[in-house]
Amino acid sequence: MKPGGLVWELAKQYDPSTVEVKWTKRWAQEPFVADPSSSKEPFCIVIPPPNVTGNLHLGHAFDNAIIDTLIRFKRMQGYETLFQPGTDHAGISTQVQVERSLQEQGRSKHDLGRRTFLKEMWAWKEKYGGIILEQLQRLGISADWSRTRFTMDEGLSRAVRKQFVELYHRGFVYRGERIVNWDPSSQTTLSDLEVDREERPGHLYTLAYQLEQGGHIAIATVRPETIFADQAIAVHPDDERYRSSVGKRARIPLTDRWIPVITDEAVDREFGTGALKITPAHDPLDFEIGERHQLERPSVIDLDARLFGELVPTSYRGLDRFEAREAVVTALKAEASLLEVRDHTVALGLSQRTKEPVEPMLSLQWFYNTDAIAGRVLDVLDRGEIELFPQRYAKVNRDWLSNLRHWNISRQLWWGHQIPAWYDEEGRVFVPEPENPELDPPDDPRYRDLKLVQDEDVFDTWFSSNLWPFSTLGWPDTDDPFYKKFYPTSVLVTGYDILFFWVARMEMAGLEFTGERPFDHVLLHGLVLDAEGQKMSKSKGNGIDPLDVISEYGADALRFATTYASTGGQDVRWDSRRVEMGRNFNNKLWNAARFVLMNLVGEMESGLPETLADRWMMSALQRAINDITTHLEAYDLGLANRRIYDFVWSEFCDWYLEAVKPALRMENPRTRYLLKDGFTSILALLHPLIPFISSELYQALGYEEQLATATWPMVDEELIDEVAEQQFEILKEAVVTVRNLRSEANLAPSRKIGIYVEGPSEAVIQENRSVFESLARAELLPASPTGAILSQHLPELEIRLPLEGLIDVEEWRARQQKRLRDLESNRMRSEKKLANDKFVLNAPPEVVEEERRRLGEIEDLISAIENSLAHLHG
């Protein structure tokens, strides 16, 4: 134990791996457990649940660094905080991983059967499910790990079942045939939000449908392979071009089937020929038109995306849809039914998970009619009860809620919450009663004589994660102390890309089942892109593994980089220089701590600051506390990061630690006390952003409690000292001026020089002589020097540097003048080159830009030398 309560000497160099592993282990073994019985004001954030079998990626790092920064900040402010952790079962992606594993063994899920396959799924989950949580712990996440939840654990499964049962009996969930997005690869439906639209070059085919009375009607389509399922031709009722054809019949090419020509206002007269072939089973718009006109809905594309059925000529049956397209086009040419083929950009829908083109397909599925609840959410948003940051996303949120389609909530998977609906032999549906949602109909005495079979489908993953803010807190048990204490939650932090997937659906679920908003605020951040502005992905090979970054630079450096880039919900281009910046900052902080610790041995005396350096630092610290607190309260982590970075690096390390040395050499006990007190406050301000190194240094100062549970600094108005700020600014300007003059004279920083100052602010310098001389590495002269001098005027000071005995003045002047002539010659050459249109227009852009940069550099050097010569007197 060192004197002054200090625990140990710090290593000469900061090693993040050693320090961070130590604190990671401690926070995992001693999690920050939330107390629902606490009288403190609650502050709760739920984790956006990562895929249970996933690995940490930069999106997770971004999310969780932001959340943990806010949680640590609020914890230190005295709130009862809960960072609720957990994972998502991620139906499609997790099942795909396990199926691939089985394929490598030469097996399939069908070989195993559902029960055995699900055992494989749970075994996979147990093996890999905890990896991402361990990786999050390595990032320094201060979650209540004792409360880790999983979307398929017992409590959350009860919540999902209750949701379905209540919605069914209220009439909001129904089973029906509608057009869905079918993924032929994963063999399941997808919601619109799980489909990426990608523009690809394609063709627009114009076909001739022969009219019964002679002539033909031209139809433009991008999918000629679906003509066998056509049920009508539709034109706009106001389209004069087709008025004489309405009510007549036309023959489908390559068939002997005839279909009617009808009118419908949904037809776009500007697309193609203005006449639309209606294929109700294979297009959403066609389905709606077919509904209005009571058309049949035959399908000609099966679940494997191959043509099938009696309507399809035998030569095309079994062909893949794209192969069939080529074959049909060839046949149409031969029949003279192909009028035109032209290039056309097609917005192709791709499965986010498998990248397979989705197939619009008529299918019997479960749907959730969200119209009514979406309206209620819009009312809540109108009243400002949920606030989005940045505010521009509020309109995006509203627009989506205003234009919802019924949500397809069933998926043809085995991994997930199996839909609690049963069917008898006549196809009637049986769902548990709302009063007893856990009682399966086969176990209900009322149905003992019926042979009931459960629906094989599972719910869409988002039909469980939409309950996340309250199901993780105990709902449907509304007496759960965590639900009562922490719901509604305080902030939801996530990427803007799942505003529709997740955020809007949680808003609807919260109002539907709890009668309250699920969160007060929504903080949306941008996506992490690669250096070229492209979205990172495994397939592109442009991803960055956060664990590699942590291994090289440390978790604090990565957290620094993510919060530094957290500004205004904008996408972030990955730049490793930000992480290097964080690492360099940590090294700077570590070295500052070493200096502080070396100077805390001896007597300390509490009280107000007395020296100018101490008065200035304590005043600057109060302003930093105010600014950083304000930025964090406004969720502007980027501004908070920049403010503390600039304050610590420049004001504290570069100026105060140098300015304080004279007082420390004099064994000033008040300065020693303030040095420790100020540095302690700095560590507290830094803790939410870089928790590892700040915790380590706080402990090194001799404090027994850990920094995470210490009190957030408060502004002390008594310490704000504008006079000290003004006077220290004069001192800083004078020191910078001396350094500039020294540089102009080509004098080494270590060389002792004499300096004379005069002017209205001279007294500030004289009263703080020891600080000035220490910072400037100069000696104040009692009288104005004679002979050659370099001088510079400040608003209230003139600084003079005598050159006699230091340099050969004439030789220095001649050298500067020669440099000036050489630079002016170079400037002329560069200007001439840039004035030459041939060079500017024909040279590579980077060469021209480099020439412009060189010219700017030359002009800066010329200006600096001219200033130096102007400062020379005598």
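**View 1. Strand S16 pairs with strand S14.** Phe367 has Asn408 in S16 as its bridge partner. S14 covers residues 359–368 and is joined to S16 by two bridges, the strands running antiparallel. Strands are DSSP runs of E with at least two residues, and helices are runs of H or I with at least four, numbered from the N terminus. Two strands pair if DSSP finds at least two bridges between them. The model is predicted: local features need pLDDT of at least 70, side-chain atom pairs count only at pLDDT 80 or more, and totals for chains, interfaces and linings use all residues. Residues are numbered from 1 along each chain as its sequence is written, and side-chain values use heavy atoms, leaving out hydrogens and water.

**View 2. An open sheet of four strands.** The order is S6-S5-S14-S16, with antiparallel pairing. S6 (188–190) and S16 (407–408) are the edge strands, each pairing on one side only.

**View 3. Strand S28 and its partners.** Five of the six residues of S28 (789–794) are buried, so the strand is largely enclosed by the rest of the structure. Buried means under 20% relative accessible area, exposed over 50%, and partly exposed in between (1.4 Å probe, protein chains only). Six bridges link S28 to the antiparallel strand S29 (797–802), and a hairpin joins the two through two residues. Gln792 stands opposite Ile799 in S29. S28 also pairs with S30 (872–873) in the antiparallel sense over two bridges; there, Ile789 has His873 as its bridge partner.

**View 4. Surroundings of Phe164.** Residues touched by Phe164 include Val173, Trp366, Ile409 and Phe463, not counting residues up to four places away in sequence. Contact means heavy atoms within 4.5 Å.
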